[in-house]
Amino acid sequence: MLHFYLSLRRLERAPPPTRTGLLPYGYARALKHCARQAGGLWACPQPFLYPRPAGGEFLVMKIRPFEFSQADYQAFVEVRQAAHPEAPLNIAQLKHLDQTRFPDEVLRRFLVEQEGQVVGMLEYATPYHNPKPGALEVGYHLHPQAQALATRLWAFLLERVAPLRPYELQAQVREDWPEFGFLLAQGFTEVERKWASVLDLSRFDPGPLQRPLPPGIVLKPLSMLPWQEEAFQRALYSLELELLEDVPTREPITPWPFELWRKRSLEDPNLLPEGFFLALEGQEMVGLTMLFKSSRPQTLQTGLTGVKRSHRRKGIALALKLQAAAFAKAHGARYIRTANHQANRPMLAINEALGFVKEPATVVLRLSPVPSLP
Ligand SMILES: CC(C)(COP(=O)(O)OP(=O)(O)OC[C@H]1O[C@@H](n2cnc3c(N)ncnc32)[C@H](O)[C@@H]1OP(=O)(O)O)[C@@H](O)C(=O)NCCC(=O)NCCS
(Lines give C-alpha, C1' and ligand atoms only; values in the text may rest on other atoms or scores of the structure.)
Protein backbone atom coordinates (compact mmCIF):
# COMPACT_ATOMS: atom_id res chain seq x y z
CA MET A 1 0.00 0.00 0.00
CA LEU A 2 1.19 3.52 -0.69
CA HIS A 3 2.45 5.11 2.43
CA PHE A 4 2.80 8.78 3.09
CA TYR A 5 4.55 10.55 5.88
CA LEU A 6 2.93 13.63 7.05
CA SER A 7 4.89 16.48 8.35
CA LEU A 8 1.63 17.81 9.62
CA ARG A 9 3.11 20.24 12.04
CA ARG A 10 -0.33 21.67 12.58
CA LEU A 11 -1.52 18.24 13.50
CA GLU A 12 1.30 17.82 16.01
CA ARG A 13 0.21 21.06 17.54
CA ALA A 14 -3.36 19.79 17.68
CA PRO A 15 -5.18 21.09 20.72
CA PRO A 16 -5.58 18.63 23.56
CA PRO A 17 -8.84 16.75 23.80
CA THR A 18 -11.68 18.86 25.03
CA ARG A 19 -13.23 18.29 28.40
CA THR A 20 -15.74 15.94 26.84
CA GLY A 21 -12.75 13.88 25.62
CA LEU A 22 -13.45 14.62 21.95
CA LEU A 23 -11.13 16.25 19.50
CA PRO A 24 -12.51 18.90 17.19
CA TYR A 25 -14.04 17.18 14.17
CA GLY A 26 -11.16 17.74 11.72
CA TYR A 27 -8.41 16.57 14.07
CA ALA A 28 -10.35 13.52 15.11
CA ARG A 29 -10.78 12.58 11.49
CA ALA A 30 -7.14 13.16 10.79
CA LEU A 31 -5.92 11.09 13.70
CA LYS A 32 -8.22 8.24 12.81
CA HIS A 33 -6.00 7.58 9.78
CA CYS A 34 -2.62 8.12 11.38
CA ALA A 35 -0.19 6.79 13.94
CA ARG A 36 2.52 8.81 15.63
CA GLN A 37 6.07 7.90 14.62
CA ALA A 38 9.36 8.33 16.40
CA GLY A 39 10.61 11.85 15.78
CA GLY A 40 7.19 13.39 16.14
CA LEU A 41 5.99 12.84 12.57
CA TRP A 42 2.69 11.25 11.77
CA ALA A 43 2.60 8.31 9.42
CA CYS A 44 -0.68 7.73 7.71
CA PRO A 45 -1.79 5.05 5.32
CA GLN A 46 -2.72 6.28 1.90
CA PRO A 47 -4.71 9.45 2.55
CA PHE A 48 -2.99 12.74 3.11
CA LEU A 49 -4.75 15.07 5.45
CA TYR A 50 -4.52 18.74 5.10
CA PRO A 51 -6.29 21.74 6.51
CA ARG A 52 -9.10 23.42 4.65
CA PRO A 53 -7.96 26.84 3.50
CA ALA A 54 -10.44 28.42 5.91
CA GLY A 55 -8.90 26.43 8.76
CA GLY A 56 -10.51 24.34 11.43
CA GLU A 57 -11.06 21.08 9.60
CA PHE A 58 -8.97 18.58 7.71
CA LEU A 59 -9.82 17.19 4.31
CA VAL A 60 -8.58 13.82 3.18
CA MET A 61 -6.35 13.72 0.12
CA LYS A 62 -5.58 10.40 -1.46
CA ILE A 63 -3.15 9.68 -4.29
CA ARG A 64 -3.97 6.46 -6.03
CA PRO A 65 -2.49 4.73 -9.09
CA PHE A 66 -4.22 5.43 -12.40
CA GLU A 67 -5.93 2.23 -13.53
CA PHE A 68 -5.94 2.88 -17.28
CA SER A 69 -9.69 2.18 -17.22
CA GLN A 70 -12.28 4.17 -19.18
CA ALA A 71 -13.43 5.77 -15.91
CA ASP A 72 -9.90 6.89 -15.02
CA TYR A 73 -9.26 8.29 -18.49
CA GLN A 74 -12.55 10.18 -18.19
CA ALA A 75 -11.50 11.53 -14.78
CA PHE A 76 -8.11 12.57 -16.22
CA VAL A 77 -9.72 14.42 -19.13
CA GLU A 78 -12.16 16.16 -16.76
CA VAL A 79 -9.48 17.31 -14.35
CA ARG A 80 -7.42 18.64 -17.24
CA GLN A 81 -10.52 20.46 -18.52
CA ALA A 82 -11.05 22.05 -15.09
CA ALA A 83 -7.37 22.98 -14.74
CA HIS A 84 -6.77 24.15 -18.31
CA PRO A 85 -9.97 24.58 -20.31
CA GLU A 86 -7.94 26.24 -23.07
CA ALA A 87 -5.98 23.02 -23.71
CA PRO A 88 -8.36 20.05 -23.64
CA LEU A 89 -7.26 16.42 -24.10
CA ASN A 90 -9.21 13.61 -25.66
CA ILE A 91 -9.42 10.04 -24.43
CA ALA A 92 -8.67 8.39 -27.79
CA GLN A 93 -5.47 10.38 -28.16
CA LEU A 94 -4.35 9.71 -24.57
CA LYS A 95 -4.97 5.99 -24.95
CA HIS A 96 -3.05 5.94 -28.19
CA LEU A 97 -0.07 7.67 -26.56
CA ASP A 98 -0.13 5.21 -23.64
CA GLN A 99 -0.59 2.12 -25.79
CA THR A 100 2.37 2.97 -28.03
CA ARG A 101 4.83 3.05 -25.14
CA PHE A 102 7.71 0.54 -25.29
CA PRO A 103 7.58 -2.10 -22.56
CA ASP A 104 10.86 -0.80 -21.09
CA GLU A 105 9.61 2.79 -20.90
CA VAL A 106 8.52 4.25 -17.60
CA LEU A 107 4.91 5.42 -17.35
CA ARG A 108 3.49 6.02 -13.88
CA ARG A 109 0.33 8.03 -13.46
CA PHE A 110 -1.74 8.80 -10.38
CA LEU A 111 -5.06 10.42 -9.64
CA VAL A 112 -5.46 12.76 -6.69
CA GLU A 113 -8.72 12.49 -4.82
CA GLN A 114 -10.23 14.77 -2.25
CA GLU A 115 -13.33 13.61 -0.43
CA GLY A 116 -13.81 10.96 -3.12
CA GLN A 117 -13.61 13.46 -6.01
CA VAL A 118 -10.74 13.45 -8.49
CA VAL A 119 -9.08 16.87 -8.22
CA GLY A 120 -5.74 16.22 -9.85
CA MET A 121 -3.39 13.96 -11.75
CA LEU A 122 0.32 13.44 -11.56
CA GLU A 123 2.69 11.45 -13.72
CA TYR A 124 6.31 10.71 -14.49
CA ALA A 125 7.39 8.94 -17.64
CA THR A 126 10.13 8.41 -20.19
CA PRO A 127 10.03 11.60 -22.31
CA TYR A 128 7.61 10.93 -25.14
CA HIS A 129 9.19 12.92 -27.94
CA ASN A 130 12.82 12.63 -27.00
CA PRO A 131 13.18 9.39 -25.03
CA LYS A 132 16.62 9.87 -23.49
CA PRO A 133 17.59 7.16 -20.98
CA GLY A 134 17.82 8.50 -17.46
CA ALA A 135 15.54 11.47 -18.07
CA LEU A 136 11.96 11.56 -16.82
CA GLU A 137 9.19 13.87 -17.96
CA VAL A 138 6.94 14.93 -15.10
CA GLY A 139 3.60 16.65 -15.09
CA TYR A 140 0.66 17.40 -12.86
CA HIS A 141 -2.65 19.21 -13.10
CA LEU A 142 -4.81 20.31 -10.21
CA HIS A 143 -8.32 21.64 -10.08
CA PRO A 144 -8.17 25.43 -9.49
CA GLN A 145 -9.55 24.98 -5.95
CA ALA A 146 -6.96 22.30 -5.14
CA GLN A 147 -3.77 24.16 -6.09
CA ALA A 148 -2.58 24.08 -2.48
CA LEU A 149 -1.92 20.36 -2.93
CA ALA A 150 0.99 20.95 -5.32
CA THR A 151 3.58 20.82 -2.52
CA ARG A 152 2.32 17.43 -1.36
CA LEU A 153 2.35 16.10 -4.93
CA TRP A 154 5.91 17.28 -5.36
CA ALA A 155 7.05 15.44 -2.20
CA PHE A 156 5.23 12.33 -3.38
CA LEU A 157 6.86 12.58 -6.81
CA LEU A 158 10.39 12.95 -5.43
CA GLU A 159 9.86 9.94 -3.21
CA ARG A 160 8.58 7.83 -6.11
CA VAL A 161 11.21 8.76 -8.70
CA ALA A 162 14.16 8.35 -6.30
CA PRO A 163 14.60 4.57 -6.88
CA LEU A 164 14.84 5.22 -10.66
CA ARG A 165 17.80 7.59 -10.07
CA PRO A 166 16.94 9.96 -12.96
CA TYR A 167 19.71 12.38 -13.87
CA GLU A 168 17.14 15.01 -14.83
CA LEU A 169 13.44 15.82 -14.70
CA GLN A 170 11.79 17.57 -17.60
CA ALA A 171 8.46 19.36 -17.84
CA GLN A 172 6.54 21.35 -20.43
CA VAL A 173 4.04 23.88 -19.17
CA ARG A 174 2.43 27.04 -20.42
CA GLU A 175 3.88 30.19 -18.96
CA ASP A 176 0.44 31.30 -17.69
CA TRP A 177 -0.28 28.03 -15.83
CA PRO A 178 0.28 27.78 -12.05
CA GLU A 179 2.52 24.74 -12.71
CA PHE A 180 5.09 27.08 -14.28
CA GLY A 181 5.70 29.19 -11.16
CA PHE A 182 5.52 26.14 -8.92
CA LEU A 183 8.13 24.17 -10.87
CA LEU A 184 10.45 27.18 -11.07
CA ALA A 185 10.16 27.46 -7.29
CA GLN A 186 11.27 23.81 -7.02
CA GLY A 187 14.48 24.67 -8.91
CA PHE A 188 13.53 23.90 -12.53
CA THR A 189 15.17 26.17 -15.09
CA GLU A 190 13.94 27.25 -18.48
CA VAL A 191 15.52 25.54 -21.48
CA GLU A 192 13.46 26.83 -24.39
CA ARG A 193 10.07 28.17 -25.43
CA LYS A 194 7.55 27.17 -28.02
CA TRP A 195 4.67 29.23 -29.25
CA ALA A 196 1.30 27.76 -29.96
CA SER A 197 -0.53 29.95 -32.44
CA VAL A 198 -3.88 29.88 -34.13
CA LEU A 199 -5.23 30.93 -37.51
CA ASP A 200 -8.88 31.94 -37.75
CA LEU A 201 -9.93 30.72 -41.19
CA SER A 202 -13.06 32.86 -41.21
CA ARG A 203 -10.79 35.92 -41.60
CA PHE A 204 -8.17 34.31 -43.78
CA ASP A 205 -7.60 35.51 -47.35
CA PRO A 206 -5.05 33.30 -49.16
CA GLY A 207 -5.19 35.42 -52.34
CA PRO A 208 -2.22 37.77 -51.75
CA LEU A 209 0.05 34.84 -50.75
CA GLN A 210 -0.59 32.55 -53.69
CA ARG A 211 2.29 31.95 -56.10
CA PRO A 212 2.84 29.33 -58.81
CA LEU A 213 4.59 26.15 -57.64
CA PRO A 214 8.16 25.62 -58.87
CA PRO A 215 8.27 23.58 -62.10
CA GLY A 216 8.05 19.82 -61.55
CA ILE A 217 6.56 20.06 -58.02
CA VAL A 218 3.08 18.73 -57.25
CA LEU A 219 1.22 18.59 -53.93
CA LYS A 220 -0.75 15.47 -53.04
CA PRO A 221 -2.56 14.29 -49.93
CA LEU A 222 -1.52 11.04 -48.29
CA SER A 223 -4.97 9.65 -49.09
CA MET A 224 -4.06 9.69 -52.82
CA LEU A 225 -0.73 7.92 -52.24
CA PRO A 226 0.13 4.31 -51.32
CA TRP A 227 0.70 5.21 -47.67
CA GLN A 228 -0.16 1.76 -46.38
CA GLU A 229 2.75 0.21 -48.28
CA GLU A 230 5.96 -0.30 -46.33
CA ALA A 231 8.30 1.07 -49.05
CA PHE A 232 6.29 4.30 -49.11
CA GLN A 233 6.25 4.48 -45.30
CA ARG A 234 10.03 4.04 -45.14
CA ALA A 235 10.55 6.90 -47.62
CA LEU A 236 8.23 9.11 -45.59
CA TYR A 237 10.03 8.15 -42.38
CA SER A 238 13.42 9.05 -43.83
CA LEU A 239 12.08 12.41 -45.06
CA GLU A 240 10.77 13.17 -41.55
CA LEU A 241 14.12 12.22 -39.98
CA GLU A 242 15.95 14.54 -42.38
CA LEU A 243 13.58 17.41 -41.63
CA LEU A 244 13.66 16.88 -37.86
CA GLU A 245 17.43 17.35 -37.93
CA ASP A 246 16.83 20.94 -39.02
CA VAL A 247 14.17 21.86 -36.48
CA PRO A 248 16.03 24.30 -34.23
CA THR A 249 15.71 22.66 -30.82
CA ARG A 250 18.10 23.23 -27.91
CA GLU A 251 18.90 19.54 -27.75
CA PRO A 252 19.15 17.18 -30.73
CA ILE A 253 16.01 15.09 -31.22
CA THR A 254 16.39 11.32 -30.67
CA PRO A 255 14.14 9.93 -33.42
CA TRP A 256 11.72 7.10 -32.81
CA PRO A 257 12.67 3.79 -34.46
CA PHE A 258 10.69 3.07 -37.64
CA GLU A 259 8.18 0.62 -36.10
CA LEU A 260 7.37 3.00 -33.26
CA TRP A 261 7.09 5.97 -35.62
CA ARG A 262 4.69 3.96 -37.79
CA LYS A 263 2.49 3.14 -34.81
CA ARG A 264 2.55 6.60 -33.31
CA SER A 265 2.17 8.54 -36.54
CA LEU A 266 0.28 6.44 -39.07
CA GLU A 267 -2.00 4.71 -36.55
CA ASP A 268 -2.72 7.93 -34.66
CA PRO A 269 -6.52 8.14 -34.23
CA ASN A 270 -6.25 11.83 -35.12
CA LEU A 271 -4.50 11.17 -38.45
CA LEU A 272 -6.30 12.73 -41.42
CA PRO A 273 -4.80 11.24 -44.60
CA GLU A 274 -6.74 13.83 -46.66
CA GLY A 275 -5.18 16.67 -44.64
CA PHE A 276 -1.60 15.38 -44.76
CA PHE A 277 0.13 16.88 -47.81
CA LEU A 278 3.33 15.90 -49.55
CA ALA A 279 5.30 17.92 -52.10
CA LEU A 280 6.58 15.54 -54.77
CA GLU A 281 9.12 15.95 -57.53
CA GLY A 282 8.42 12.90 -59.66
CA GLN A 283 8.47 10.01 -57.17
CA GLU A 284 10.66 11.89 -54.68
CA MET A 285 9.13 13.37 -51.54
CA VAL A 286 10.63 16.82 -51.00
CA GLY A 287 8.35 18.42 -48.43
CA LEU A 288 5.33 17.92 -46.22
CA THR A 289 2.81 19.45 -43.88
CA MET A 290 0.10 17.65 -41.93
CA LEU A 291 -3.15 18.45 -40.16
CA PHE A 292 -4.57 16.24 -37.43
CA LYS A 293 -7.99 16.12 -35.80
CA SER A 294 -8.07 17.98 -32.51
CA SER A 295 -10.01 17.80 -29.26
CA ARG A 296 -10.70 21.52 -29.60
CA PRO A 297 -13.96 22.31 -31.38
CA GLN A 298 -13.80 23.33 -35.05
CA THR A 299 -10.03 22.95 -34.99
CA LEU A 300 -7.31 21.04 -36.82
CA GLN A 301 -3.80 20.73 -35.41
CA THR A 302 -0.63 21.06 -37.50
CA GLY A 303 2.14 18.48 -37.11
CA LEU A 304 5.52 18.72 -38.79
CA THR A 305 6.04 21.04 -41.77
CA GLY A 306 9.30 20.86 -43.67
CA VAL A 307 11.05 20.99 -47.02
CA LYS A 308 14.30 19.26 -48.00
CA ARG A 309 17.33 21.53 -47.84
CA SER A 310 17.86 21.17 -51.61
CA HIS A 311 14.38 22.58 -52.29
CA ARG A 312 14.09 25.49 -49.84
CA ARG A 313 13.24 29.12 -50.62
CA LYS A 314 11.17 28.16 -53.64
CA GLY A 315 7.80 28.73 -51.99
CA ILE A 316 7.10 25.03 -51.36
CA ALA A 317 6.39 25.30 -47.61
CA LEU A 318 4.09 28.25 -48.15
CA ALA A 319 2.24 26.38 -50.91
CA LEU A 320 1.83 23.33 -48.64
CA LYS A 321 0.44 25.49 -45.83
CA LEU A 322 -2.00 27.19 -48.20
CA GLN A 323 -3.14 23.81 -49.48
CA ALA A 324 -3.65 22.65 -45.88
CA ALA A 325 -5.65 25.81 -45.05
CA ALA A 326 -7.90 25.25 -48.09
CA PHE A 327 -8.45 21.65 -46.98
CA ALA A 328 -9.26 22.73 -43.41
CA LYS A 329 -11.87 25.20 -44.64
CA ALA A 330 -13.48 22.64 -46.95
CA HIS A 331 -13.42 20.16 -44.04
CA GLY A 332 -15.55 22.59 -41.98
CA ALA A 333 -12.85 23.68 -39.53
CA ARG A 334 -12.66 27.27 -38.37
CA TYR A 335 -9.23 27.20 -36.71
CA ILE A 336 -5.82 25.75 -37.48
CA ARG A 337 -3.38 25.50 -34.61
CA THR A 338 0.36 25.05 -34.71
CA ALA A 339 3.35 25.15 -32.36
CA ASN A 340 6.82 26.44 -33.20
CA HIS A 341 10.10 26.81 -31.40
CA GLN A 342 10.79 30.42 -30.61
CA ALA A 343 14.10 30.15 -32.50
CA ASN A 344 12.50 28.85 -35.69
CA ARG A 345 12.52 32.13 -37.64
CA PRO A 346 11.84 30.53 -41.05
CA MET A 347 8.71 28.71 -39.87
CA LEU A 348 7.53 31.63 -37.75
CA ALA A 349 7.95 33.94 -40.76
CA ILE A 350 5.63 31.74 -42.81
CA ASN A 351 3.05 31.43 -40.04
CA GLU A 352 3.13 35.17 -39.34
CA ALA A 353 2.58 35.88 -43.04
CA LEU A 354 -0.41 33.55 -43.01
CA GLY A 355 -1.89 35.41 -40.02
CA PHE A 356 -1.36 32.92 -37.15
CA VAL A 357 -1.79 34.66 -33.78
CA LYS A 358 0.49 33.62 -30.91
CA GLU A 359 -0.72 32.41 -27.52
CA PRO A 360 1.25 32.31 -24.26
CA ALA A 361 4.44 30.29 -24.74
CA THR A 362 4.93 26.68 -23.66
CA VAL A 363 8.14 26.52 -21.67
CA VAL A 364 10.45 23.50 -21.59
CA LEU A 365 11.88 23.12 -18.07
CA ARG A 366 14.70 20.98 -16.66
CA LEU A 367 15.79 20.05 -13.15
CA SER A 368 19.21 18.43 -12.75
CA PRO A 369 20.47 17.09 -10.43
CA VAL A 370 17.21 15.76 -9.05
CA PRO A 371 16.89 16.65 -5.36
CA SER A 372 16.15 13.99 -2.81
CA LEU A 373 13.55 14.40 -0.11
CA PRO A 374 14.84 16.37 2.88
C1 LIG B 1 10.75 26.29 -42.43
C2 LIG B 1 10.81 25.62 -43.77
C3 LIG B 1 9.68 24.59 -43.82
C4 LIG B 1 10.60 26.65 -44.88
O5 LIG B 1 10.49 25.95 -46.11
P6 LIG B 1 10.69 26.69 -47.53
O7 LIG B 1 10.03 25.86 -48.55
O8 LIG B 1 12.10 27.02 -47.70
O9 LIG B 1 9.87 28.05 -47.29
P10 LIG B 1 9.27 28.96 -48.46
O11 LIG B 1 10.17 28.94 -49.62
O12 LIG B 1 7.85 28.59 -48.71
O13 LIG B 1 9.33 30.39 -47.74
C14 LIG B 1 8.24 31.28 -47.79
C15 LIG B 1 8.66 32.55 -47.06
O16 LIG B 1 8.97 32.25 -45.69
C17 LIG B 1 10.09 33.06 -45.27
N18 LIG B 1 11.25 32.22 -45.04
C19 LIG B 1 11.45 30.94 -45.43
N20 LIG B 1 12.66 30.51 -45.03
C21 LIG B 1 13.24 31.53 -44.37
C22 LIG B 1 14.49 31.69 -43.72
N23 LIG B 1 15.40 30.69 -43.68
N24 LIG B 1 14.75 32.87 -43.14
C25 LIG B 1 13.86 33.86 -43.16
N26 LIG B 1 12.65 33.78 -43.79
C27 LIG B 1 12.34 32.63 -44.37
C28 LIG B 1 10.39 34.00 -46.43
O29 LIG B 1 9.57 35.14 -46.25
C30 LIG B 1 9.92 33.18 -47.61
O31 LIG B 1 9.60 33.97 -48.72
P32 LIG B 1 10.79 34.42 -49.73
O33 LIG B 1 11.62 33.20 -50.03
O34 LIG B 1 10.05 34.94 -50.91
O35 LIG B 1 11.58 35.46 -49.00
C36 LIG B 1 12.18 24.94 -44.00
O37 LIG B 1 13.18 25.85 -43.68
C38 LIG B 1 12.40 23.68 -43.17
O39 LIG B 1 12.07 22.57 -43.59
N40 LIG B 1 12.99 23.81 -41.97
C41 LIG B 1 13.29 22.62 -41.15
C42 LIG B 1 12.06 21.98 -40.57
C43 LIG B 1 11.35 22.90 -39.62
O44 LIG B 1 11.95 23.60 -38.83
N45 LIG B 1 10.02 22.85 -39.68
C46 LIG B 1 9.19 23.61 -38.79
C47 LIG B 1 8.96 22.90 -37.53
S48 LIG B 1 7.31 22.32 -37.52
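**Leu111**

I looked up Leu111 and found it buried, because 20 other C-beta atoms lie within 10 Å. (Buried means 20 or more other C-beta atoms within 10 Å of a residue's own, exposed means 12 or fewer, and partly exposed is in between, with C-beta atoms placed from the backbone.) I noted that this is a predicted model, where local features need pLDDT of at least 70 and side-chain atom pairs count only at pLDDT 80 or more, while totals for chains, interfaces and linings use all residues. Residues are numbered from 1 along each chain as its sequence is written.

I placed Leu111 in strand β6 (residues 107-114). (Helices, H or I of at least four residues, and strands, E of at least two, are DSSP runs numbered from the N terminus.) Leaving out neighbours within four places in sequence, I found Leu111 in contact with Arg64, Phe66, Asp72, Ala75, Val118 and Met121. (Contact means C-beta atoms, placed from the backbone, within 7 Å.)

**Glu190**

I moved on to Glu190 in strand β10 (residues 189-200). Glu190 counts as partly exposed because it has 14 C-beta neighbours inside 10 Å. Not counting residues up to four places away in sequence, Glu190 touches Val363 and Leu365.

**The ligand**

I then counted 21 residues around the ligand, the closest being Gly306, Arg312, Ala317, Leu318 and Pro346. (A residue is near a molecule or strand if its C-beta atom, placed from the backbone, lies within 6 Å of it.) I saw that β15 (306-307), α9 (316-330) and α10 (345-354) each give two or more residues to this shell. Which element gives the most to the shell? I found that α10 does, with five residues.

How values were computed. Two residues are in contact if their C-beta atoms, placed from the backbone, lie within 7 Å.
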